[in-house]
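Hi,

Here is the structure I promised to pass on. Have a look at it first, and my notes follow below.

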Amino acid sequence: MSTANIKKPQNKTLEDIKNYWNARSQSYSDLNNKELQGFKFQAWEELIKANVPIKEGMKVLDCGCGPGFFSILLCKLGCKVTSVDYSDDMLQRARVNTEDYLSDNKPEFFKMDAQNLDFKDESFDLVISRNLTWNLPNPPKAYEEWLRVLKKGGTLLVFDGNWYLHLSDEEQKQKYEATKAKLESLGLENHMTKTKDGVDTRIMEDIARGLFFSYYKRPQWDKQFFQDKGLRVMVDEDIARRIYDDLELLTYDFSLPFMIKVTK
């Protein structure tokens with residue numbers, strides 16, 4: 001893929017991002033616990049199993065594991081899970097949650113930059129990630145790393161959304177403003193401007209102005225990136241109704257999640 005026209009956002013460091021998610025770790029963990037105890041656990045399990053032939057003992061890398069939702073789910077399916085995150089507090093929440101939900105076959109946790117992995121080539125059968133790539137400074141570098149550690153014939157599953165594309169794209173901005181206005185008219189909270197833990201979301205908005213994927217429409221960019229490498233890519237932009245409740249469908253109408261499946 002040509003990089004000649006890549007926009008040059010202002011530089012932001014991993015430390016900015018880490019500090020924000022450290023502050024959000026408790027509320028994010030609370031959200032993950034609700035997912036583990038509600039319909040979403042089965043919904044995500046079915047979605048993953050529909051796209052990956054899960055086998056007992058298969059090696060999985062959970063990139064940006066957060067409080068551990070995917071890690072716990074995949075361990076319950078019998079996988080050997082390695083979980084990485086750059087946030088110390090998220091990793092601590094994940095360790096606590098795995099103790100609550102798993103009696104054995106627990107993940108192995110590492111503090112690690114998903115863009116620079118300390119694993120050997122072709123170490124994993126599945127690399128999986130949710131809501132991480134949008135807030136990485138260098139997603140192309142991360143994708144290169146994930147492909148490097150993925151075994152031949154293995155699967156990469158990426159779940160994400162165009163969370164801050166409205167900062168640079170006029171059409172997306174109009175969708176965002178329309179969703180915001182609708183939520184206000186119904187007296188509902190806009191989680192992009194207010195969080196339950198009181199963390200100022202303007203911090204993340206400022207960070208997002210310096211992030212790669214705030215300037216590229218997805219999953220179109222991702223699909224082209226992998227196709228240019230000669231890899232098989234499948235994109236599903238209609239997963240929201242399987243994994244979201246009605247309130248989430250309304251709240252995040254401007255940026256519904258998508259799935260990218262890559263076979264190496």
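Predicted model: local features only at pLDDT ≥ 70, side-chain atom pairs only at ≥ 80, totals over all residues.

On to the second largest pocket, then. It holds about 220 Å³ of space and has 17 lining residues; Asn162, Lys175, Lys217, Arg218 and Glu237 are the ones nearest its centre. Helix 6 (residues 170-185) is the top contributor to that lining, with three residues. If you sort the lining by class, you get seven charged, six nonpolar and four polar residues.

Next, the nonpolar cores. The largest has 46 residues, and Leu74, Ile128 and Phe159 touch the most other members. Several elements put in at least two residues each, including helix 1 (14-37), strand 4 (124-130) and strand 5 (150-160). Helix 3 gives the most, with six. There is also a second, separate core of 30 residues, with Val84, Met112, Ala142 and Phe258 among them.

As for leucine 74, if you skip neighbours within four places in sequence, its contacts are Ile48, Ile54, Val60, Cys79, Val81, Leu126 and Ile128.

Isoleucine 260 sits in strand 7 (residues 258-263). Beyond four places in sequence, it touches Tyr143, Leu156, Pro219, Asp222 and Phe226, among others. Phenylalanine 226 is 34 residues away along the chain, with 9.9 Å between the two C-alpha atoms.

Cheers

Definitions and conventions
Residues numbered from 1 in each chain as written. Heavy atoms only, no water. 1 Å grid on protein atoms, 1.4 Å probe; cavity = no way out; pocket = protein on both sides within 12 Å on 5 of 7 lines; lining within 4 Å. Points joined across faces, edges and corners; volume = space filled by probe spheres on them. Helix = DSSP H or I, 4+ residues; strand = E, 2+ residues; numbered from the N terminus. Nonpolar A, V, L, I, M, F, W, Y, C, P; charged D, E, K, R; others polar. Contact = heavy atoms within 4.5 Å. Core = buried A, V, L, I, M, F, W, Y, C linked by side-chain atoms within 4.5 Å. Buried < 20%, exposed > 50% of the residue type's maximum accessible area, 1.4 Å probe, protein only.
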